[in-house]
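Visitor: Please take me through one part of this model in close detail. I would like to start at the ligand.

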Amino acid sequence: MPTPASTAAEQLPARTAAVWAALDPVIGAGTPLRVLDVGGGSGMFAVPLAQLGHDVTVVDPSADALATLGRRAGTAGVGERVRGLQGDGDLLHEVLPTAGGDGYDLALCHFVLEVVDDPAVTLREIAGALRPGGQVSVATANRAGAVLARALSGHPVEALGLLDDRKGDRRRFDPAGLLTLVEGAGLRPGPWRGVSVVADLLDAASGADPSAVRALELALAGISPYRDVATGLHVLAARA
Ligand SMILES: C[S@@+](CC[C@H](N)C(=O)[O-])C[C@H]1O[C@@H](n2cnc3c(N)ncnc32)[C@H](O)[C@@H]1O
């Protein structure tokens with residue numbers, strides 16, 4: 001089975017390089033996995049995972065996103081390995097009454113905890129859908145990264161407002177808060193990393209070589225102070 005670290009990652013956006021690298025030992029082990037992508041939207045992760053041979057179930061409340069997912073999976077020739085279900089992350093047990101079977105090997109929860117009703121409930125639902133030993137990949141917006149990005153784009157007042165938890169259009173997280181949330185769902189987190197330390201700050205017209213940006217992302221993702229100001233946070237956690 002090809003792994004993202006080898007060929008596919010070269011075609012994936014540099015901003016998510018660190019997430020794919022963290023997933024690589026799980027998804028590139030040569031065994032087809034049952035993957036649950038909560039809030040998977042139009043399939044930015046689901047379709048490449050299906051192309052790697054995995055069976056992916058996407059749960060998302062957006063009918064439009066699921067329609068795009070279906071089209072994208074069909075175009076990529078993996079329609080049979082991608083299933084879209086309309087539903088909410090905090091009600092997974094209703095959406096997946098029997099579909100979990102023995103439980104999923106891997107769940108993705110990428111940039112969804114910002115918008116669900118209660119992130120703690122969503123993570124508990126995801127933990128309940130995993131098989132024992134199954135893993136969940138959690139990515140969220142990073143408050144520090146949002147403050148910095150807003151300030152650098154010329155909006156100091158809004159940047160200052162984002163320092164306050166209650167302000168802003170959606171939830172944002174800091175590393176300690178995210179790890180506490182993950183542990184509260186009965187999951188064992190590994191080390192956390194930054195998602196897009198520099199890629200989102202680069203002007204598209206900068207002309208920077210994408211493979212050099214990808215290499216830089218991989219080098220910076222796991223170390224402070226760089227990861228602390230990334231656009232997003234990512235952690236892989238396992239169900240006991
Ligand atoms: C920012 S997008 C992230 C999409 C994808 N996970 C990614 O990383 O590219 C947020 C997604 O969460 C979905 N969403 C919104 N509310 C949700 C809920 N309560 N449960 C699950 N997904 C939800 C949206 O429809 C959207 O597809």
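Which residues around the ligand come nearest?

Guide: First, the ground rules. This is a predicted model, in which local features need pLDDT of at least 70, side-chain atom pairs count only at pLDDT 80 or more, and totals for chains, interfaces and linings use all residues. Residues are numbered from 1 along each chain as its sequence is written, and side-chain values use heavy atoms, with hydrogens and water left out.

Now the ligand. It has 14 residues around it, and G39, D60, P61, G89 and H110 come nearest. Here a residue counts as near if one of its heavy atoms lies within 4 Å of the molecule.

Take the backbone contacts next. A nitrogen atom of the ligand lies 2.8 Å from a backbone N or O atom of G39. For G89, a polar backbone atom is 2.7 Å from a ligand nitrogen. H110 also places a backbone N or O atom 2.8 Å from a nitrogen atom of the ligand. A polar contact is a pair of N or O atoms within 3.5 Å; within protein, one must be able to donate a hydrogen and the other to accept it, and residues adjacent in sequence count only if both atoms are side-chain atoms.

Helices (H or I, at least four residues) and strands (E, at least two) are DSSP runs, numbered from the N terminus. F111 is not a glycine, yet its phi is positive, at about 55°.

One more backbone feature lies in another loop. P225 is found between helix 9 and strand 7 (232–239). The peptide bond from S224 to P225 is cis, and its omega is near 10°.
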